[in-house]
Amino acid sequence: MLKLDDDQLDALSEIFNIGVGKAAAAMSGLVGDEVLLSVPHVSLLTVSEAAQELNAANPRLYAVRQPFDGVFKGDALLIFPSEKSLEIVRIVAGQSVPEEQLSGLERDAMTEIGNVMLNACIAALSDLLQNEFDLGTPDVNIGDGRSILRTRIQNHLVVFLHIRFELKSSDIEGFVVFVLNTTSLETLRLCLDKMLGRPTTVA
């Protein structure tokens with residue numbers, strides 16, 4: 001399996017920390033509260049490992065998926081366990097949400113926050129790797145880890161970020177994942193080597 005070395009993972013962590021920092025500022029305005037975001041660790045996992053990691057948090061997950069295409073392509077997802085998605089609704093839509101409106105508001109709130117978070121991460125990738133990406137339309141998926149990753153292809157790999165959302169009124173944990181095929185991951189590796197000032201050699 002193609003892997004990223006420690007320096008490449010550190011560079012990717014730096015990129016995503018910049019991205020979530022920008023997202024935090026945008027989300028603070030969205031929810032009317034100071035939002036602190038942290039990315040404690042970036043991992044490169046197989047599809048099966050990522051599904052297990054997600055299911056360990058909760059077997060029922062809400063995910064905002066946004067396809068992206070550029071020098072490499074894949075799907076970016078913002079994922080919350082189902083009970084955390086309800087907290088997002090209360091924060092974005094307010095505490096008083098009629099039960100009959102919950103499903104629609106939940107999807108709207110998830111889409112709005114997913115759009116902010118994923119766009120910020122992809123914009124940071126674009127800026128630091130000096131490559132432009134086209135973004136597809138976000139949609140919301142509900143299911144377990146395997147179903148929301150939407151692939152059973154074993155050579156597809158997942159760049160996995162565990163993100164903590166800290167608000168004055170709530171602590172929420174979620175995940176950002178990028179599902180890439182082997183070709184896209186190799187291109188990402190070469191882009192990171194270029195960023196690090198390394199010779200761009202193919203593994």
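Helix α2 covers residues 47-57, and Val47, Ala50, Ala51 and Leu54 are buried in it. Seen down the axis of α2, these buried residues fall within an arc of 100°, so they line one face of the helix; the arc is that of the directions from the helix axis to the C-beta atoms.

The model is predicted, so that local features need pLDDT of at least 70 and side-chain atom pairs count only at pLDDT 80 or more, while totals for chains, interfaces and linings use all residues. Residues are numbered from 1 along each chain as its sequence is written, and side-chain values use heavy atoms, with hydrogens and water left out.

**Nonpolar cores**

- The largest nonpolar core has 50 residues, and those with the most contacts inside it are Leu12, Met117, Val159 and Phe178; a nonpolar core is a set of buried Ala, Val, Leu, Ile, Met, Phe, Trp, Tyr and Cys residues joined through side-chain atoms within 4.5 Å.
- At least two residues of this core come from each of several elements, including α1 (6-31), β1 (35-46), α4 (102-129) and α6 (182-195), with helices (H or I, at least four residues) and strands (E, at least two) being DSSP runs numbered from the N terminus.
- Helix α4 gives the most to this core, with 11 residues.
- Apart from this core lies another, of 16 residues, among them Ala63, Val158, Phe175 and Val177.
- Not counting residues up to four places away in sequence, Met117 touches Val20, Ala23, Met27, Leu37, Leu78, Ile163, Phe165 and Val176, a contact being heavy atoms within 4.5 Å.

**Strand β3 and its partners**

- Seven of the eight residues of β3 are buried, so this strand is largely enclosed by the rest of the structure.
- Strands β2 and β3 run antiparallel and are joined by eight bridges, two strands being paired if DSSP finds at least two bridges between them.
- A hairpin links β2 to β3 through three residues, and Gln66 has Ala76 in β3 as its bridge partner.
- Strand β3 is also joined to β7 by five bridges, and these two strands run antiparallel.
- Within that pairing, Leu78 stands opposite Val176 in β7, and both Leu78 and Val176 are in contact with Met117.

**Buried serines**

- Ser43 lies in strand β1 and counts as buried at 17% relative accessibility.
- Ser43 touches Val158, Val159 and Phe160, not counting residues up to four places away in sequence.
- The C-alpha atoms of Ser43 and Leu9 are 7.6 Å apart in space, although the two residues are 34 residues apart in sequence.
- Ser126 lies in helix α4, where it counts as buried at 9% relative accessibility.
- Not counting residues up to four places away in sequence, Ser126 touches Asn131, Glu132 and Phe133.

**Cysteines**

- The structure holds zero disulfides, a disulfide being a pair of cysteine sulfur atoms within 2.5 Å.
- Cys121 is buried, with a relative accessible area of 0%, and Cys191 counts as buried at 12% relative accessibility.

Methods:
Buried < 20%, exposed > 50% of the residue type's maximum accessible area, 1.4 Å probe, protein only.
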